[in-house]
Amino acid sequence: MNVMCGIVGVTGNENAVEMLMNGLRRLEYRGYDSAGIYVNDQNGKDYLVKEKGRVADLAKAIGEDVHGSTGIAHTRWATHGQPSVANAHPQVSADGRFYLVHNGVIENYIELRDKYLQDVTFKSETDTEVVVQLIDYFVKHDNLTTLEAFRKVLYLVGDSSYGFLLMDREEPDTLFVAKNKSPLLVGVGNGFNVVCSDAIAMLNYTHDFIEMQDGEIMILTPEKVDIEDEEGHHITRLPFHVSMDASEADKGTYPHYMLKEIDDQPTVMRKLAQTYFNDDGQVTIDDELLADLQSADRLYIVAAGTSYHAGLVGERLFERLAAVPTEAHVSSEFAYNSPILSKHPFFIFLSQSGETADSREVLTEVNAKGYHSLTITNVQNSTLSREATYTMLLNAGPEIAVASTKAYTAQIAVEAIIAKALGEATQQVAAADFDLRPQLGLVANGIQALVDQKERFEAVAKDNFVDQRDAFYIGRGIDYAVSLEASLKLKEITYIHSEGVAAGELKHGPIALIESGTPVIGIITQERTASLTRSNLAETAARGSHIMTIVTKSLAKAHDDIILEDVDEMLTPLLTIIPAQLISYYTSLLKGLDVDKPRNLAKSVTVQ
Ligand code: AGP
């Protein structure tokens, strides 16, 4: 099973191998434990190369003579079945006629295998091999065309998740493409066509993409793209233009995407101030969205991981600025344990990628019940964006590193923008007094001051984190919300066990984990709770911890460690997270780990 992989296909271009390999490099953030490519030169020669490890390992394995004009390729993130050459994609039918790459999970593959394929000897442990063998089976056994067999298999796999690219040696310039709950886009070129999990993969070759809907089949040849719905009826759909430049997805002279993305944050803050404020300094969001928000009696923010942590900050922003009750929820929990909803709920989905399956599960249910929703995302035309009532873009530029940084701060800034707009519309004094546009300028300067002190954070990482087994971030209120994100950053790229703890909760249990030298970092930005958090830090120090503080200037004391520029108390998460991002980055680097591609993770989590 392969749940968060990157897939790419090309038809009709002599440079197919180069295009596919460049595409895989751009998609590697989606999975990176094995990779493979199949190309056909249209003159009876074809090549299948698969390798365990990174795309770079596959590139080394591809010899000089591997060439072709049509092909498919895959980079994998495995869940079942070890990363291995046998389990890597493309998977091949027994007689070598059909080649398939897949992103998703076929729920009923064992039943299908046992029902139809008892005579087949399988070479891999993958669900994907069952699908490609089934296509072969129906072509031979039921005398179906490739397209008919493909359609039949799509019917049989039911509501499983998939993005499929299929090639048939007997129609070597054709790509058969289908998707369900898994992202895929078709790109239109001049004399060639491409398909990819993310437009970033093919931006060097085209900027015109056609959306693909669940259940559709697309048949790509060099000259055309045929779209068919589930019943086989033809559909016409015009391409949309992606204006992003391919170089935006490059890391330039930076050693890692994560460092570049941390450094991008002041620019992102300024860009959001430009995008969502008019020349008179008034906050501007879509009128219909604002009306919908005004008629809601409760906001439900639904998200996963870092985006959920941004939602926890949003909860406080909406309640304080717009006086509307707000709840942030983890999407995988909400989907199956949803709370009793208010009479007029409105849903806000936070998702950098716009593809997170857990969040989409909730959105599907929200749509089925007829509720309205907003997706706040970094990816134009992503699934969550298309399926929600409204979209607001983060405009943060591509975020490639698995550890999310600039998307988190952009999400909080956009939440603040919406909360201010809503609060002003409902005449809340707090919203009127909240001078957000100039504040975003102060935030940008405050972030810049922090990212300019990289050597300092590298030293903190070296002296206090690299050799530690455990670490704790603590805070109260909005500082607690940031503690959770700070802790996630540390654990996911340094593999140090880390927890974000509500400072007042330490004494109710977690303090038992404190040992001599354990780092405990206190985040202190709220006047009301500053002295309480300081006392909680002192309690851990009395048990041997090594305490550090991240404090805003106006609350700072003589022995504080990291002092931040003062910004509005509600916007401090935009600054307090930056030291934590940099400390995590340098700790990972000093431990010799793969900062951008930490073990066991993938950027876009398209399975539940
Ligand atoms: C955070 O660093 C992770 N990459 C992860 O927690 C991520 O935020 C989560 O998977 C949600 O992704 P999304 O924002 O694309 O929906």
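Trainee: Where is the place of Asn600 in this chain?
Mentor: Asn600 sits in the segment that follows helix H19 (573–590), where helices are DSSP runs of H or I with at least four residues, strands are runs of E with at least two, and both are numbered from the N terminus. This is a predicted model, in which local features need pLDDT of at least 70. Residues are numbered from 1 along each chain as its sequence is written.

Trainee: OK, and what's the phi of Asn600?
Mentor: Phi of Asn600 is near 70°, which is a positive value in a residue other than glycine.

Trainee: Is Asn600 buried or exposed?
Mentor: Asn600 counts as exposed, because its relative accessibility is 62% and the word applies over 50%, while buried means under 20% and partly exposed lies in between (1.4 Å probe, protein chains only).

Trainee: What about Asn143, where is that one found?
Mentor: Asn143 belongs to the loop that runs between helix H4 (127–141) and helix H5 (146–157). The phi of Asn143 is positive too, near 60°, although the residue is not glycine.

Trainee: And is Asn143 buried or exposed?
Mentor: Asn143 is exposed, since its relative accessible area comes to 67%.

Trainee: New topic: which residues does the cis peptide bond join?
Mentor: The cis peptide bond lies between His89 and Pro90, and the omega angle there is about 0°.

Note on methods:
Predicted model: local features only at pLDDT ≥ 70, side-chain atom pairs only at ≥ 80, totals over all residues. Heavy atoms only, no water.
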